[in-house]
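Hello,

Here is the structure I promised to pass on to you. Please have a look at it first, and then read my notes below.

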Amino acid sequence: MVRTIMRVFRGDSTGGQYEEYPVEVSEGQVVLDVIHTVQAEQALDLAVRWNCKAGKCGSCSAEVNGKPRLMCMTRMNLFEPGATITVAPMKTFPLIRDLVTDVSFNYEVAKTIPAFKPRPPEADGTYRMMQEDIDRGQEFRKCIECFLCQNVCHVIRDHPENKPNFAGPRFFVRLAELDMHPLDTVDRLELARKDAGIGYCNITKCCTEVCPEDIHITDNAIIPLKERVADRYYDPLRWIGRKLKGK
Amino acid sequence: MPDYETHEYDVLVIGAGGAGLRAAIEASAQGARTALVCKSLLGKAHTVMAEGGIAAALGNVYEQDNWQVHFRDTMRGGKMLNNWRMAQLHAQEAPDRVHELENWGALFDRTADGRILQRDFGGHRYARLAHVGDRTGLEMIRTLQQHAVHNGIDVFMECTISRLLKDGDRVSGAIGYWRESGKVIVFNAKAVVLATGGVGKAFKITSNSWEYTGDGHSLAYWAGADLIDMECVQFHPTGMVWPPSVRGILVTEGVRGDGGTLTNSDGVQFMFNYITPYFASETADTIEEAERWYDDKRNNRRTPNLLPRDEVARAINSEVKAGRGSPHGGVFLDIASRRSAEYIRRRLPSMYHQFKQLADVDITATAMEVGPTMHYIMGGVRVDADTAQSTVPGLFAAGECAGGMHGANRLGGNSLSDLLVFGRRAGLGAAEYAGNLRATPKLDQEALDGVVKEMFSPFDHGSAAENPYTIQHELQDTMHTLVGIIRNKSELDEAMVQVRGYQERAQRAGVEGHRQYNPGWHLSIDLKSMLTVSEAIARAAETRKESRGGHTRDDYPDPSPEWGKVNVVVRQGPGGDMRISTEPLPQMPADLQALFEEAH
């Protein structure tokens, strides 16, 4: 057992401050365990969102010593024994209380992405897809919607005014996934360019760095999607073609 | 008279895991105005943690597979206590439900010819589980969620239902609170579907998420519905055991399905010593035959490492008790000596990641330490198999909170398929029921006010309040120690005494502060349902004087033919007391009976 000080943000949309809680940390514990100890013994009303405590649901996102992380997958032995550990809510989303933020922005964006629409099935009523054709899509579908990528993206973290015009990395992953889905028939490139604002992204890769599922958000989703958009809308030959056709 | 935020719907679905989402999608598709309420954010429900796959006799890997074989496996796995009609519908409809997910965008792992790949799992005769690596639950919940978003369903996230409301005998809606603001919310609905999952948070070592506080079981019970088979609790044989803070986190059965074997501290594959006569004819009894089975499944019998979960969990428990356990009180699960690192990382990425990150163990190089963890409750709300309606008109239940489908023990992979098959049926049943009602049943204002008063009472106790976290921890200890894998009368009696003590203390459970996102307050309310299901489990377990599936008594170690013919039924008496009775199982028709008489 090592004694550690947990410095936890307490407050709501009107303001707040950090409070310090001394706790005994035992072997193998993660930050979420220690937050639960604080909650059970010292601050019964400490607000924290969590579900599975196994890195599968993406509920317990927070900023631990300034770094966006899942609290349930952050081992306490990552830090110096006995060092003070600061836990703050995600900055990009409006604060509800303590470590809980209002992430409804993400659910609103999700509604704007047109649904998957498959091509007709084979004669036997089912589909054939080769594994190599879905490997990339499966990588994207590992996303647990922890929204850490959204939280860390400068386009909205530093400029909340961009939120209405920018879907964020999580939804570029979703758009890329649908774009590469062997069965889907809907074209969402115009959406990616215009309403989702993929052009705002300047590929700093912050999203990729914080992804707990190791999805290569920038390289595998955003860049290919940007290329597809550029090919269609910014290719000079296509541009001339569109002008000639009066489109 | 206080004015509460009130919404009117045809169908109210409580719970947004696989069953709740599928029910809401179906009810909405039938034209019912549908609300979906969940305690967490959408997409975070316990379904997201399911790993191994969805059992469905697609016949993609073994074309001999069909619904009859799946039905037979399910019934035998459940030690014949299952509601035969549910098991039949489940086996017949699961393939369509899997294909439907693909139609909605799911990307399952593929066979070489591009069809949905299927993996081996315990108790299933053929490789049967459609899967995505070891994150099938995530694929399923995301697919349903993404489909539901576009189907006109109103979603109420982070909203907890405290009580169902009735108009006479019928359901008329539900009352609860917004977790974020603590404000009261009322639903006036013609039909209600419970899809709230399980009860794991009443146990100390569990694979279940925080939401599993027995809400649906308790809501139904308080509303007068019957619960059945509450004594049948599944301990998954393989949970993590070290370090202590991760104890109970699930290790998918897919590890054994994909080639992992269990060994004790002497290096012995002990499962060969635990083959019960019931499964002897279909299980390899030598290591040589079991080894051959991995490559030639037609001419060899299955490895006992893939016996149903109740058998494996009891075996591990016995090995550890006999002093042949691993250093941290489990046994060893080894896949590294059979499969390449590349194979393991591709098939079991979450397991690889989870052990690496949480336990500093590389499962591609060394064995895991695993032990039983409370995983699932087979018991639940008694429902009509075809419509999913409970014994209360207008109240439906699907998924883990419904009883009957899995009998005394659930086979791995049969839960995700259960959620889809009976989620759809519950949505259909509820929409049809609502469509046949001319008017929405009335809300009972007096009952509403009473529930509100009770919901807010945790703030009334001041400094005399009991810490709700302490009560929960003590309850978890009691259930783990006295109502665990192996039970007996004296321990169950002691458990009931302790649970009554907690019930008394929980009246005074409370917190300081205000109602905005206050987890201590939420827990004070959740305790009531956790204690109700704990009492039901302990009492039902005391009643069933035999051992069967997920209910093992060391004072009645054998199955009894007489007890095999009845369900233990739990219902609330007129004075609010818990009544226990036994009632005969539904009788299986002769053509299905015949499936069990054929030689296999």
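To start with something you can look up yourself: is Gly137(B) buried or exposed? Gly137(B) is buried, because its relative accessible area is 0% (buried means under 20% relative accessible area, exposed over 50%, and partly exposed in between, with a 1.4 Å probe and protein chains only). This glycine belongs to helix H4 of chain B, which covers residues 136-148 (helices are DSSP runs of H or I with at least four residues, strands are runs of E with at least two, and both are numbered from the N terminus). Apart from neighbours within four places in sequence, Gly137(B) is in contact with Thr47(B), Val48(B), Ala50(B) and Leu416(B), where contact means heavy atoms within 4.5 Å. Between the C-alpha atoms of Gly137(B) and Gly168(B) there are 39 Å, with 31 residues separating the two along the chain.

A word on conventions. This is a predicted model, in which local features need pLDDT of at least 70 and side-chain atom pairs count only at pLDDT 80 or more, while totals for chains, interfaces and linings use all residues. Residues are numbered from 1 along each chain as its sequence is written, chains are lettered from A and ligands numbered from 1 in the order in which they are written, and side-chain values use heavy atoms, with hydrogens and water left out.

Now to chain A. Its 10 helices and 7 strands sit in a box of roughly 70 × 45 × 30 Å, taken along the principal axes of the C-alpha atoms. Of its 247 residues, 55% count as buried. Among contacts between residues at least 6 apart in sequence, 63% join residues at least 24 apart. Chain A exposes about 10900 Å², with 52% supplied by carbon and sulfur atoms (accessible areas come from the Shrake-Rupley method with a 1.4 Å probe, and for residues only the protein chains shown count as cover).

How do the two chains meet? Here 66 residues of chain B are in contact with 61 residues of chain A. In chain B, Lys44(B), Leu107(B) and Tyr517(B) lose the most area to chain A, together 14% of what that side buries. The two chains bury about 5000 Å² between them, 54% of it on carbon and sulfur atoms (buried area is the accessible area, with a 1.4 Å probe, that two parts lose on being put together, summed over both). There are 5 salt bridges between chain B and chain A, a salt bridge being a side-chain nitrogen of Lys or Arg within 4 Å of a carboxyl oxygen of Asp or Glu. One salt bridge joins Glu145(A) and Arg142(B), at 3.8 Å from N to O.

Over all chains, the count of salt bridges comes to 77. One of them pairs Arg97(A) with Asp45(A) at 2.7 Å, N to O. That pair links distant parts of the chain, 52 residues apart: Arg97(A) is in strand S6 (residues 95-97), and Asp45(A) is in the loop between H1 and S3. Arg97(A) counts as buried because its relative accessibility is 6%, and Asp45(A) because its value is 14%. Glu102(B) and Arg110(B) form another salt bridge, with their closest N and O atoms 2.7 Å apart, and both residues are buried. Shared partners also join Arg141(A), Arg174(A), Glu177(A), Arg135(B) and Glu139(B) into one network of salt bridges.

Best wishes
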